[in-house]
Amino acid sequence: MGIGDIASTLVQVPGLLKLKKGMQPRPKSDKDCIARLVEDKAERFGERTAVIFEGNSVTWGELNAAANRYARTLEDLGVARGDTVSVLMENRIEFLTTVVALSKLGAVAGLINTNLREQPLIHCVTVTESKKCVFGGELTEAIQSVKSELHLAEGSDYLFVPDSDGTPAPNWAQDLDAASAERESANLPQTGDVTLGETACYIFTSGTTGLPKAAVLSNRRFMASAGLAASAGRKVTQEASLYI
């Protein structure tokens, strides 16, 4: 091994040490979740950009405040700790806001593949015993075609998130943005009680060889995988921008 190889190896040591430390599982009883991580970033770096998507951007403070407003609306509609809410939405800022909002309540986000239609879509909402369904305006037709086969109530259990085209919510769904617009944006007290052992998300397979199957992602696994990928894998710093 030459001097160059030795130097190259030494450069990797800090990252490898972080990786080793991060591989030690934290107790499931520890109180932590993705929502608390967002709250921390909002407190420390509130004015910094958190997400940029198709010409739109939000700061950490704005993302956290929007998630708090969503969470309070969902709570008033009956969503509580441990409940599952199906989420069917294309990639955009509101998708992240919804996932963080559910985390703040200790609820579970059932993340449904946006390509699913008819029976596979019905299956994903039903098998998780979802209490509500949050869907993007771009996928209204997908939900409308199956809602008669679902256990969810029209008017109260379907929550519409507008897309950029300005299409209004259908008469069988509530507009989540409008309903949450005037809600309080301060952090919710119950977020601090959510533990690592609780389920954060269900992530569904594509269903190419049968009905989609749900992989369970706990708060501990969610945070560990994200943290390791950022710090040890991609070596992301506070000044970095990550393109996905």
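**Cover, rings and salt bridges**

Reader: What covers the buried residues of α5?

Author: Cover is judged by contact, meaning heavy atoms within 4.5 Å. Helices (H or I, at least four residues) and strands (E, at least two) are DSSP runs, numbered from the N terminus. The elements over the buried residues of α5 include β3 (84-88), α6 (140-144) and β8 (199-204).

Reader: What kind of model is this?

Author: Residues are numbered from 1 along each chain as its sequence is written, and side-chain values use heavy atoms, with hydrogens and water left out. Local features need pLDDT of at least 70, side-chain atom pairs count only at pLDDT 80 or more, and totals for chains, interfaces and linings use all residues, since this is a predicted model.

Reader: Which residues in helix α5 are buried?

Author: Buried means under 20% relative accessible area, exposed over 50%, partly exposed in between (1.4 Å probe, protein chains only). Helix α5 spans residues 118-127. Its buried residues are Leu121, Ile122, His123, Cys124 and Val125.

Reader: Which residue with a positive phi follows α5?

Author: Take the position after α5. Phi is positive there, near 55 degrees. The residue is glutamate 129.

Reader: How many aromatic pairs does the structure hold?

Author: Rings of Phe, Tyr and Trp (its six-membered ring) pair if their centres lie within 6.5 Å; planes under 30 degrees apart count as stacked, over 60 as edge-to-face and the rest as tilted. By that rule, the number of aromatic pairs is three.

Reader: How many residues apart are phenylalanine 135 and tryptophan 172?

Author: Their rings are stacked, 5.4 Å centre to centre with 15 degrees between the planes. Phenylalanine 135 lies in strand β5 (residues 132-136), and tryptophan 172 in the loop between β6 (158-161) and β7 (174-175). The pair links distant parts of the chain, and the separation is 37 residues.

Reader: What type of pair do tyrosine 158 and tryptophan 172 form?

Author: Ring centres of tyrosine 158 and tryptophan 172 are 5.3 Å apart. Their planes stand at 90 degrees, so the pair is edge-to-face.

Reader: Which residues form one aromatic cluster?

Author: Tyrosine 158 is buried at a relative accessible area of 0%. It belongs to one aromatic cluster, formed by Phe135, Tyr158, Phe160 and Trp172.

Reader: How many salt bridges are there?

Author: A salt bridge needs a side-chain nitrogen of Lys or Arg within 4 Å of a carboxyl oxygen of Asp or Glu. By this rule the count is 13.

Reader: Where does lysine 104 lie?

Author: The side chains of glutamate 39 and lysine 104 form a salt bridge at 2.8 Å, N to O. The two are 65 residues apart, with glutamate 39 in helix α2 (residues 34-45). Lysine 104 is in helix α4 (residues 93-105).

Reader: How many residues apart in sequence are aspartate 76 and arginine 183?

Author: Their side chains meet in a salt bridge at 2.7 Å, N to O. Aspartate 76 lies in helix α3 (residues 60-76) and arginine 183 in the loop between α7 (176-180) and β8, so the bridge ties parts whose separation is 107 residues.

Reader: What is the relative accessible area of arginine 183?

Author: Aspartate 76 is exposed, at 55%. Arginine 183 is partly exposed, at 28%.
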